[in-house]
Amino acid sequence: MYNSIIRPLLFRIDPENVHDILFTGLSAYRHISPMRSFIKQNSKVCCPFMIKEMMLSSRVGLAAGFDKEAKAFDELSDFGFGFIEIGTVTPSPQSGNPKPRIFRLIKDESLISRTGFNNPGVDIVLERVKKHLNRSYRLGANINRDSTSTGQAIIDDFALVFNKLYDYVDYFTINWGSIEGADFERVLKTLTEIRKEKSSEKNIIIKLPADIQQDGLLSVIMMARKYQANGFIATGPTMDRSNLICLSKTESNKIGTGGVSGKGIGDKSKKIVQFLGENVKGEFIIIGAGGIMSVQDAVDMIKAGADLIQIYSAFIFDGPKIVEKMSKAIAK
Ligand SMILES: Cc1cc2nc3c(=O)[nH]c(=O)nc-3n(C[C@H](O)[C@H](O)[C@H](O)COP(=O)(O)O)c2cc1C
């Protein structure tokens, strides 16, 4: 039904407006208990998986950027996600880049986005997270600094968001490449030092860009070892548009800058997962993400070395049923 009726209707509307419609729908759905029970029952997967002190009901998660504002992660979990990553969350509210900033490439099954870190700020996110502490899924927070922060303020921003959310989420993600290398090292050092003072140990995951080169990978692995980070997400979007075979040069220029998500990532993420699988499997959690559009892609990512996978574009292009299908195929 999603592919034949819902998707053609939704795809006539601007992507960001569809997102708003979805979240309005989810806030109404929240109050319709019989419907919630029905959806939950129908999407239920029981494929338990334990990794680094985290018990997951499914190895499929929702990637950062879908619920940037932590508005509906609990409702989204009904579709069978084992884990959901909210954010990116920053200390203060951010409006992100000017609109339009999300572009849907239907024939290429891809998205181009340059949203920036638009979110309501950590205090509002915290209030929303506190409403759902009794969770059957794991909740991660992707965190970053305010766009205006520089120097020491960058480190302080990360520390502030980390401290505020620490007791209420299950893991944190920081994006390699979103800040300068030296600052990244200081951020990682600071967060792991703060963690030592806490009574529980939360996993810190490093999200890698799809275009990271081997020397970058080796240095991030060394840094992860040095400061005892716990895992990697491989990967975020790519800047390379060569896999967008249906997008003309003129259309591409018209869209302007932005990272490519979905099928257009090609096998970049899988190759990085493969490298991680060969070099750090068992030592770090490996979360495959980027370009996982089908059940076969999900299985292939696990075979390449991922412990878990995260999706974003597949949820949009294939609808909610894809979560259950991927979870079951991986469990087999
Ligand atoms: C519209 C949009 C917004 C995103 N926002 C974020 C974000 O705020 N933080 C982040 O780490 N990744 C963000 N991402 C990247 C996704 O989390 C994911 O890594 C990427 O889309 C690749 O996965 P996919 O091919 O399954 O879509 C965003 C992606 C899209 C399409």
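Modeller: In this predicted model, 43% of the 332 residues of the protein count as buried. The fold has 13 helices and 13 strands, and its C-alpha atoms fill a box of roughly 50 × 50 × 40 Å along the principal axes. A compact globule of 332 residues would have a radius of gyration near 20 Å, and the protein, at 19 Å, agrees with that. Among contacts with a separation of 6 or more, 73% are between residues 24 or more positions apart.

The helix I would pick is helix 6, residues 152-165. Its 14 residues should span 20 Å at 1.5 Å a residue, and its end C-alpha atoms are 20 Å apart, which agrees. The buried residues of helix 6 are Asp157, Phe158, Val161, Phe162 and Leu165. They lie on the same side of helix 6, because they cover an arc of only 125° around the axis. An α-helix has 3.6 residues a turn, so residues three or four places apart point the same way. Against the buried residues of helix 6 pack strand 4 (83-89), helix 5 (122-130), strand 7 (138-143), strand 8 (171-175) and helix 7 (181-196).

As for the ligand, there are 26 residues around it, of which Ala63, Gly65, Ser261, Tyr312 and Ser313 come nearest. Strand 6 (110-113), strand 11 (259-262) and helix 12 (313-318) each supply at least two residues of this shell. By class, the shell around the ligand holds 12 nonpolar, 12 polar and two charged residues.

Conventions
Residues numbered from 1 in each chain as written. Predicted model: local features only at pLDDT ≥ 70, side-chain atom pairs only at ≥ 80, totals over all residues. Helix = DSSP H or I, 4+ residues; strand = E, 2+ residues; numbered from the N terminus. Expected span 1.5 Å × (residues − 1). Buried ≥ 20, exposed ≤ 12 C-beta atoms within 10 Å, placed from the backbone. Arc of directions from axis to C-beta. Contact = placed C-beta atoms within 7 Å. Near = placed C-beta within 6 Å. Nonpolar A, V, L, I, M, F, W, Y, C, P; charged D, E, K, R; others polar. Rg over C-alpha atoms; globule rule 2.2 N^0.38 Å.
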